[in-house]
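Please keep the sequence and the model in view while reading.

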Amino acid sequence: MNREIQAVGLDIGTSKVKCIIGEAAENGAMSIVGFGQTESRGLRGGIVTTTDSVAEAIRRAVEEAERMSGLEVQMATVNLSGEHLRGENKAGVVAVAGAGREILQDDVDRSIESASAMPLPAGWEIVDRLPQEFIIDGQNGIIEPVGMRGARLESRIHVVTSPSAGKQNLVKAVNHAGLDVQNLMLEPLAAATATLSDDDKEYGCALVNIGAEVTSLMIFGRGAVQHTAVFPFGGMHFTKDIAVGLRVSIPEAGKIKELYGCVAGFLMDEEERAQIIEINPVGRSETRILSKETLCDILQPRAIELLQHVALEVINTGAQMSSGVILTGGGSLNRGMVEIAEQVFDAPTRLGFLESGLFTGLLDEVNSPEWAVAGGLALASMQAQIREQMH
């Protein structure tokens, strides 16, 4: 085992901050040696609003992971999120310059540069360029063009842009917590890295990461990212609906959601529907009672509405999704989300758990869709370090 490599994934969310520490294991897998999580403060919609609060939450989550692993963390790969991320597909062409028309890395870089030359609004920047395929002299579907021969190289890439300020404030908060940022990675891409198989990406699927205030969608096909979209809603909407509908505080609403929430009425039998929940309305000393069915009546329409927004985006891309829909993030854990999504998307739907072939160690303790982003970030951190060592 390579002790030099210390992989750290830091998932800074609106409701929780999660940290996973890993080390390189056999066959390219990562052994999880520590993890920590804490309540998040100072973020709204995935964007930093108070640097100090975010830094404090990061410190607490990292310290917990450090205690468990016995390691000291210096740098981390961090999630990049926020409702302003935009993805679009671009193409660029260059003439191959080298002797004997052999394609070099330099040609590939130039073709990617040419594809991503685009006017950006003031204060925006390109945060990621994800190659989809390369075309050499009209021959398409090429993944690794370096070393091949041809006169004309075309690249098709998925370019993701976002306002620079969001990224700068995130890096500042991480630095404030005493850590360096090894890399920033798109949140849905991190979740996909941890939960999707190569077949899922090849045959086509939609990964939907439902956070507290932001839901992100990434569509895969032919082994690459084909589409990215971010929506300004998430699990917090359910909590707010309960708070308004039942006149309870937000913390109380969160508890009710976690303990009794179900977004699919058809999953409950008569007996469960009639089950009684006691609640404490704000500013009242006496408790009120309601049935589980009433609670579901509040949550189900919201689940359908949120998922319909995402499904509409998927339909508009015309994507083929043989591998269906994979739900990750804390918001996917509401009971019945998978069943409702299956109906709304009219496609096979499952929760995204950490792929057992990619993770070992303390996998059982974090094997939940809400740890998908942190797991993917740590895995990407390890893979980047391995690549660096090889060069």
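In this predicted model, the side chains of Glu 270 and Arg 273 meet in a salt bridge, with an N to O distance of 3.9 Å.

**Pairs within a helix**
- Glu 270 and Arg 273 are three residues apart in helix 8 (residues 270-274), so about one helical turn separates them.
- Glu 270 is exposed, with a relative accessible area of 63%, whereas Arg 273 counts as partly exposed at 22%.
- In helix 9 (residues 292-317), Glu 305 and Arg 302 also lie three residues apart, about one turn of the helix, and their side chains form a salt bridge of 3.0 Å, N to O.
- Glu 305 counts as partly exposed because its relative accessibility is 35%.
- Salt bridges with shared partners join Glu 56, Arg 59 and Arg 60 into one network.

**A further pair**
- Glu 88 and Lys 90 are linked through their side chains by a salt bridge of 3.6 Å, N to O; Glu 88 is partly exposed at 36% relative accessibility, and Lys 90 is partly exposed at 26%.

- Leaving aside residues up to four places away in sequence, Lys 201 touches Ala 192, Leu 196, Phe 220, Gly 221, Arg 222, Gly 223 and Ala 224.

Terms used:
Residues numbered from 1 in each chain as written. Predicted model: local features only at pLDDT ≥ 70, side-chain atom pairs only at ≥ 80, totals over all residues. Heavy atoms only, no water. Contact = heavy atoms within 4.5 Å. Salt bridge = Lys/Arg side-chain N within 4 Å of Asp/Glu carboxyl O. Buried < 20%, exposed > 50% of the residue type's maximum accessible area, 1.4 Å probe, protein only. Helix = DSSP H or I, 4+ residues; strand = E, 2+ residues; numbered from the N terminus.
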